[in-house]
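The points below are meant for a colleague opening this model for the first time. Please read them with the sequence and the structure side by side.

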Amino acid sequence: MNLSALRNVAALRTTAVALTAALSVAVLAGGAASAEPEKPSAVSSVVKDGRTWHLKVYSAAMKKDITIDVQRPVDESKPAPNFYMLNGLDAGEGSASWSAQTNALGFLADKQVNVIQPIGGRGSYYTDWKQEDPRLGLNKWTTFFTQELPPLLDATLNSTGLNALAGLSTSGTSVLQLAEAKPGLFKSVAAYSGCAQIADPMGKQAVKFSVETWAGGKTANMYGADTDPAWVENDPVINAEKLRGTNLYVSSGSGMPTNADVAYYLNGSPGPMGVVNLGLGIGIEAATNACTANLKNKLDSLGIPATYQFTPMGTHYWPYWEQALHDSWPLLAQGMGI
């Protein structure tokens, strides 16, 4: 092949490479342009039933709609703060909820406050999980409660932008975690019968009992292996410094049952199961009482004030949490400016 022919072949090759590159860029650009954008977090629907509003809020983090029930303030014509009430382990999906087990909504009916009741997140501890769980799904509740939901509620409800938060049992842990995840978002926080420490052996076992034994999920998908630093990063006691400046109310019973406690458990589940439930109510509350004492010791060592209620009697069930709501209301209201 002569020199001229070689030059022609080289030129053709250069042109082919250039055309291929240009075509690749065009395809990539076209693909990027045609790809649908991420669906943003938004209020998908609002159904009004008197003073109760049923919201569907799309979470971009969890890629699904979350049900949020709201009891509107006594005077809907004026802006009001938002009081988040988190349920326990079944997250309001069953009958173990504030609305089903207490008269909390009646107690709050004459208050100038939006009562925010999230439904969903069973067994999740309302936290951000490392990965999707085959049984409990995709859980990014810290992101939802601290980033996605508050501005959407402020806009939809015409709220004042002031927030308070209360939780019981497993969500008694969650409310402290959420307060630490975004200090200042929740001005007042009340934790009833929650185990604040999760990174030590006893705390890990409490979380595993709730998530794995009861809810059927895997804590390996939640915080990873026992040695994973995520356990320490999400431990409210270890990270207690982040609670500085928050109005705190923390309560727990000793675990010792009253006659009413015994009757509640035995009548609620006749036979051996009633005895088992009574034992669980005693044991769980005694464990949360120890966790709560450790939280107090840590907060005291840091000079962070809090209001504590350690009752000499009491097991792990709803009448105590309803009373704690009443007792903590002045502190919660103070944080919300009402």
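In which hand, right or left, does α9 pass α10?

1. The crossing of α9 past α10 is right-handed, where a crossing counts as left-handed if the near helix is turned anticlockwise from the far one by less than a right angle, and as right-handed if clockwise. The model is a predicted one, in which local features need pLDDT of at least 70 and side-chain atom pairs count only at pLDDT 80 or more, while totals for chains, interfaces and linings use all residues. Residues are numbered from 1 along each chain as its sequence is written, and side-chain values use heavy atoms, with hydrogens and water left out.

2. Helix α9 covers residues 259–268 and helix α10 residues 272–302, and the two pack at an angle of about 140° with their axes 7 Å apart; axes are lines fitted to C-alpha atoms, for helices over the stretch in contact, and angles run from 0 to 180 degrees between N-to-C directions. The pair α9 and α10 is therefore oblique, given that angles under 35 degrees count as roughly parallel, over 145 as roughly antiparallel, 65 to 115 as roughly perpendicular and the rest as oblique. Helices (H or I, at least four residues) and strands (E, at least two) are DSSP runs, numbered from the N terminus.

3. On the α9 side the contact (heavy atoms within 4.5 Å) is made by Val262, Tyr265 and Leu266, and on the α10 side by Gly274, Val275, Asn277, Leu278 and Gly281.

4. An open sheet of mixed pairing is formed by 9 strands in the order β1-β2-β3-β5-β4-β6-β7-β8-β9, where two strands pair if DSSP finds at least two bridges between them. Its edge strands, each pairing on one side only, are β1 (42–49) and β9 (307–311). On average, and with direction ignored, neighbouring strands of this sheet are turned by 15° against each other.

5. At one end of that order, β1 and β2 (residues 52–59) run antiparallel and are joined by 7 bridges, with valine 43 standing opposite valine 57 in β2. The hairpin they form has 2 residues between the strands, and glycine 50 in the turn has a positive phi of about 65°. Strand β2 also pairs with β3 (residues 64–71), in the antiparallel sense and over 8 bridges, and here lysine 63 takes a positive phi near 60° in a hairpin with 4 residues between the strands.

6. Strands β4 (residues 82–85) and β6 (residues 163–168), by contrast, run parallel and are joined by 4 bridges; tyrosine 84 stands opposite leucine 165 in β6. Helix α5 (residues 170–181) lies across β6, β7 (188–192) and β8 (247–253), running at about 150° to β6. Helix α10 packs on the sheet as well, touching β8 and β9, and its direction makes about 145° with that of β8.

7. A disulfide (a pair of cysteine sulfur atoms within 2.5 Å) joins cysteine 195 to cysteine 291, with S to S at 2.0 Å. The torsion about the S-S bond of cysteine 195 and cysteine 291 is about -50°, so this disulfide is left-handed. It links distant parts of the chain, 96 residues apart, as cysteine 195 lies in the loop between β7 and α6 (201–214) and cysteine 291 in helix α10.
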